[in-house]
Amino acid sequence: MSAAVDIIQIVVTIMGLGAAAQVLADRLRIPSVVFLILAGVIVGPEGLGLVTPAIFGNALQAIVGLSVAIIVFEGAFHLRIDRIRSAQRETLRLITFGAFGSLVGTALVVHYILGVPWDVAFLIGALLIATGPTVITPIMNVVPVRERVASTLETEGVVNDVTAAILAIVMFEYVVRGSHGLPTLVREFAVRFGLGILVGTTVAGVLWYVLRYGRQAVENAPQNARLMVLVSSLTMYGIAEVLGAAFGASEAGIAAVATGGFLLGNADIPYRDTIQQFKGDVSILVIAFVFITLASLLSLRDFLELGVAGIIAVIAIAAIIRPAVVLISTVGDRLTVPERLFISALGPRGIIPASVATLFALELQSTNPTAATTLIGTVFLVIFVTVVFEGGLARHIAQTLDVIPMRALIVGGGRVGRELAERLERRGEEVVIIESDQQVVEELRRAGHTVHNGDGTEQQVLEKAGIENAKIVALATRDDDVNLLVGQLARNTYDAETAVARVNEPSNLDAFEDIDIEAISTSMSVAWSMDNVIERPGISQWMRELDRDGDVQEVEVTSKEHAGKTVSELTDELPEGCHLALISRDEANRLPEPDDQIEMGDHLTFIGRREAVRDAIAYCTT
């Protein structure tokens, strides 16, 4: 009875520390893993001694395995196939060539700097392939980089988690059980991966059919859908593990949950919003439990025995190996050089190397204590250093490299919001849409738009979508009250440069204008367009043609090199197919004359072919 009470007290303590770590991480905008590791050390043998390896006995491996299954499933569930397509070439190279380069490079560093045998070096290298969604996703939530950059990092994290887990199991068998030869290693890896894919696909298919066609016969369908998805992730893992053990291919469960989570996450299933929220909450609790429990097993001796060589090895892995494989893997024109440098600087390791390394170390302790100490010390030192420095400094790195784009945020993904998004994206803007209707969200994503599902009146949703870095906030819902509330937040709380709102009821125009929101009356804008067709058919037709092939853009002169030039001098330097149409200064507009002088801060309106207008804007701001 005393043992049961002790376990209850320990679990409650761990959960409480996990919740506190999550709140503190959200407050400071630092990945929660940092605080979870610190909490684990505090309650472990090196601290208060509340948690020791003997508390959970032989059940620790099963507990960690099931927990990792939930975490990997949740990460794969959020991995959208449209995000993979947006960074397809770079991501494919990163999860293949990049993973192989990381494996070999890390093994070389560990072998030559720490002096460990090649088999242990490659085991550590396999574990440290994984970056992981548990650390990447929180960073992406607070560093609003371009979608192609975020998708590359998050896809790499999910896929490499699975790759690292399975490859590490194969390498561990090589170290402990004496599996020999490269063909044997490749065959064991392929069997585990293939079995996992088969089981994950089968269970996901059955669950999809039940959710799609059996929900009408079930009471309280949304709640049961959440439970079925949670149970399915554990079922995939359990079946794959049982079959794997029967065929001599244990640890196929990770591949199964990754496959099943990805398929269900991209399938058309009901109650997706509630399922995602539920899975996210469960995953947070599981991550907290696993990280604190595993970190509590750390010993200061594990780090001290690495000495200065351990620090050098970590620096080499994070500052040499990671940038080298990323920069080589992402060669091409889809990512800019600063974006590639940002990706190379962001490689924090997470739950998979922590959990698997701990289990390996426990098993090696009796037969090869030196290898166990090197394994656990190196892996956790890399985790801690990369999470603290790369995670904590991620926003500063992004700002230094100038990879955080000024976004256009659209609240409301209906017809107006969708059309506006398409127009802005054609002009090269980084557009994010906030929409609460799940069906509309799916339609927008299929059309290639970046969408955040949620209520735009909630500050947490706005911040997750990147309002703090938005230069344009467009309010396009059918509800004037919603548009007015979000407009007030955009102006007063986040100081958005431009806030423009769709106003459905003309009598509400004054309310928007009173708080400095550009108000567009739906009825008046339609009437204005119809009047143009009636009274100015030539201009109306010209504007429609311009919208297809050309562009009209306004830009502020920020280059000292161009300030002071006359309109005539500036026009001679503009690209062919672009014309200066208007000069705006001190809220006054005038048609340009050849002798007019351009001043710093003037707003120039260019008209012409789309590419020529873009070149003119770049010319006036650099």
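I shall speak about the aromatic rings and then about a patch of charge.

Please bear in mind throughout that this is a predicted model. Let me begin with the aromatic side chains. How many aromatic pairs does a search of the whole structure find? The search returns 2. In one of them, Tyr-112 and Trp-118 place their ring centres 5.7 Å apart with the planes at 85°; planes over 60 degrees apart count as edge-to-face, and so this pair is edge-to-face. Trp-118 also pairs with Phe-122, where the centres are 6.0 Å apart and the planes stand at 40°, so that this pair is classed as tilted. Trp-118 and Phe-122 both belong to helix H6, residues 118-127, and because they are 4 residues apart there, about one helical turn separates them. Through these ring pairs, Tyr-112, Trp-118 and Phe-122 are linked into a cluster.

Are these residues buried or exposed? Tyr-112 has a relative accessibility of 62% and therefore counts as exposed. Trp-118, with a relative accessible area of 36%, is partly exposed. Phe-122 is likewise partly exposed, its relative accessible area being 25%.

I turn now to charge. On the surface there is a patch of negative charge, in which Asp-510, Glu-513, Asp-514 and Glu-518 gather. Which helix gives the most to this negative patch? It is helix H23, spanning residues 509-514, with 3 residues. Glu-513 lies in helix H23, and its relative accessibility of 46% places Glu-513 among the partly exposed residues.

Thank you for your attention.

Notes. Residues numbered from 1 in each chain as written. Predicted model: local features only at pLDDT ≥ 70, side-chain atom pairs only at ≥ 80, totals over all residues. Heavy atoms only, no water. Patch = residues over 30% accessible without salt bridge, like charges linked within 9 Å, V, L, I, M, F, W, Y side chains within 5 Å. Areas by Shrake-Rupley, 256 points an atom, 1.4 Å probe, with all protein chains shown as cover. Salt bridge = Lys/Arg side-chain N within 4 Å of Asp/Glu carboxyl O. Lys, Arg positive; Asp, Glu negative; His and termini not counted. Charge placed at Lys NZ, Arg CZ, Asp CG, Glu CD. Helix = DSSP H or I, 4+ residues; strand = E, 2+ residues; numbered from the N terminus. Buried < 20%, exposed > 50% of the residue type's maximum accessible area, 1.4 Å probe, protein only. Phe/Tyr/Trp six-rings, centres within 6.5 Å; stacked < 30°, edge-to-face > 60°.
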